[in-house]
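Dear colleague,

My notes on what was found follow directly after it.

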Amino acid sequence: MPQTRFVLKKALEFGHAVVVVVNKIDRPTARPEFVVNSTFELFIELNATDEQCDFQTVYASGIKGKAGLNPENLADDLGPLFETILRCIPEPRIEKDGALQLLVSNTEYDEHKGRIAIGRLHGGELQRGMEVKICTPDDACRISKISELFVYQNFSRVPVEIVHAGDICAVCGINDIMIGETIADKVSGTPLPTIKIEEPTVRMSFSINTSPFVGKEGKYVTSRNLRDRLYRELERNLAMKVEDGETADTFLVSGRGTLHLTILIENMRREGFEFMIGPPKVINKTVDGKTLEPYEIAAVEVPEQYMGSVVELLGKRRGQMADMQPSGPEGTTLLKYKIPTRGLIGLRNAVLTASRGTAVLNTIFDSYGPWAGDLSSRDQGSLVAFEDGSTTSYALINAQERGILFVSPGQDVYKGQIVGIHQRPGDLAINVCKKKAATNVRSNKETTVVLDEALSYSLDDCIEFIQEDELVEVTPASIRMCKNPKISKKNR
């Protein structure tokens with residue numbers, strides 16, 4: 001899977017030794033020899049050295065708490081696994097008598113203690129109340145003081161007076177500390193190499209909520225609230241960037257793919273924020289006069305009967321097949337594609353539809369490559385509410401003939417809200433709030449026609465669905481889509 005591939009690639013680049021653990025060895029369909037061979041091929045593909053390819057393999061059953069060096073002969077506990085780790089993985093390199101050095105790898109925030117820096121002490125000793133130097137390889141250093149020190153025991157922090165080299169600790173008292181900076185000795189300390197973060201590949205606009213329902217469900221709705229929250233995220237999220245937009249109430253947020261950004265959006269929802277989200281856009285680069293765009297590796301695990309539909313779908317989005325091989329005894333196939341990040345926007349829903357919900361899609365950034373050309377966007381338009389009001393089953397009976405609806409009877413909607421997917425290209429304004437005329441009271445149409453179930457879209461689905469002139473309205477209680485009033489309405 002791409003996640004495993006990414007973590008292993010980073011470990012091999014740093015020259016780390018790797019222990020391969022084959023879990024779930026007690027399953028009736030276990031294939032330990034196949035798994036080890038596939039893992040070896042992955043090591044070769046990721047340019048591992050000869051020493052790294054000569055990895056130690058441990059076979060285990062996590063649910064039974066057993067492990068062993070032979071799949072046919074497991075010990076009664078996990079002892080062989082721990083012994084292998086101690087034997088094969090070298091101890092961390094530290095300098096007990098050297099100068100103080102601690103690279104900040106993470107930060108937390110506490111209302112009483114302020115910002116808390118977390119990292120492992122590479123050398124020397126760190127004491128409570130000690131004056132230290134905060135520095136980076138390319139910036140000027142500054143002096144600060146340690147107010148409190150903590151180490152980790154089980155799942156909690158325990159206060160201590162002194163921390164020795166090799167320990168992971170939490171440091172309080174440095175309110176402007178950032179991830180990647182080094183806490184060093186005040187006199188002779190030198191900075192450690194900072195953490196290198198890869199550049200963002202996708203950008204989205206965040207703006208204040210301008211719908212008629214603003215303030216009904218959220219606690220924080222102003223641009224000042226939005227600005228403070230987004231810039232506060234930068235303190236712990238190194239891979240994210242925030243810029244001011246064209247207007248005072250709009251901000252451009254860049255991240256490592258749509259998933260990276262949707263996690264931030266979901267967290268803000270739960271904190272009580274209300275705001276609008278624009279469609280995701282990839283961040284291109286220009287090198288030697290040529291436009292380059294980000295590419296990702298997509299791994300799709302799909303049953304054989306739906307493979308043709310998925311291959312056709314990925315081909316339309318400029319995907320290039322890198323590998324195809326059987327995966328598991330259930331008749332599934334693993335497809336690996338190199339595909340532009342643009343082609344991944346909206347792909348997950350399309351793949352699930354093509355495979356009747358049976359496909360599994362995983363993606364990870366690969367590299368920047370040449371511009372792949374134009375990609376076909378969404379084929380269907382949107383059904384847009386004609387007026388403000390509450391939806392009625394009388395109006396929805398006629399509306400559902402135009403496409404698939406997102407709303408059910410009795411829901412409040414506003415003019416410009418997207419209430420469904422049009423069955424044809426282009427948008428269509430419809431009235432979903434129309435009430436039955438009083439002269440038609442004897443009609444039994446409502447009792448004879450059954451409404452289709454409304455389509456429920458998650459946050460990820462909505463972000464993948466919207467187009468250039470559309471927005472997602474995010475509140476703690478609801479996720480709605482609407483047309484962007486600032487952009488001229490197309491195909492209306």
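Two residues are said to be in contact when heavy atoms of theirs lie within 4.5 Å. In this predicted model, consider the contacts between residues at least 6 apart in sequence: 68% of them join residues at least 24 apart.

As to the protein as a whole, it has twelve helices and 31 strands. Its C-alpha trace spans about 90 × 55 × 55 Å along the principal axes. Of its 492 residues, 42% count as buried. The accessible surface comes to about 27200 Å², and carbon and sulfur atoms account for 50% of that area. The protein carries 59 positive and 67 negative charges, whose mean positions are 6 Å apart.

I would also draw your attention to one helix, H2, which covers residues 32-45. Helix H2 has 14 residues, and the distance from its first C-alpha to its last is 20 Å, close to the 20 Å expected at 1.5 Å a residue.

Which residues of H2 are buried? They are Val36, Thr39, Leu42 and Phe43. Viewed down the axis of H2, these buried residues fall within an arc of 115 degrees, so they line one face of the helix. The face turned away from that buried side carries the exposed residues Glu33 and Glu41.

Yours sincerely,
A colleague

Technical notes: Residues are numbered from 1 along each chain as its sequence is written. This is a predicted model: local features need pLDDT of at least 70, side-chain atom pairs count only at pLDDT 80 or more; totals for chains, interfaces and linings use all residues. Side-chain values use heavy atoms; hydrogens and water are left out. Helices (H or I, at least four residues) and strands (E, at least two) are DSSP runs, numbered from the N terminus. The expected span of a helix is 1.5 Å times one less than its number of residues. Buried means under 20% relative accessible area, exposed over 50%, partly exposed in between (1.4 Å probe, protein chains only). The arc is that of the directions from the helix axis to the C-beta atoms. Accessible areas come from the Shrake-Rupley method with a 1.4 Å probe; for residues, only the protein chains shown count as cover. Lys and Arg count as positive and Asp and Glu as negative; His and the chain ends are not counted. The place of a charge is taken as NZ of Lys, CZ of Arg, CG of Asp or CD of Glu.
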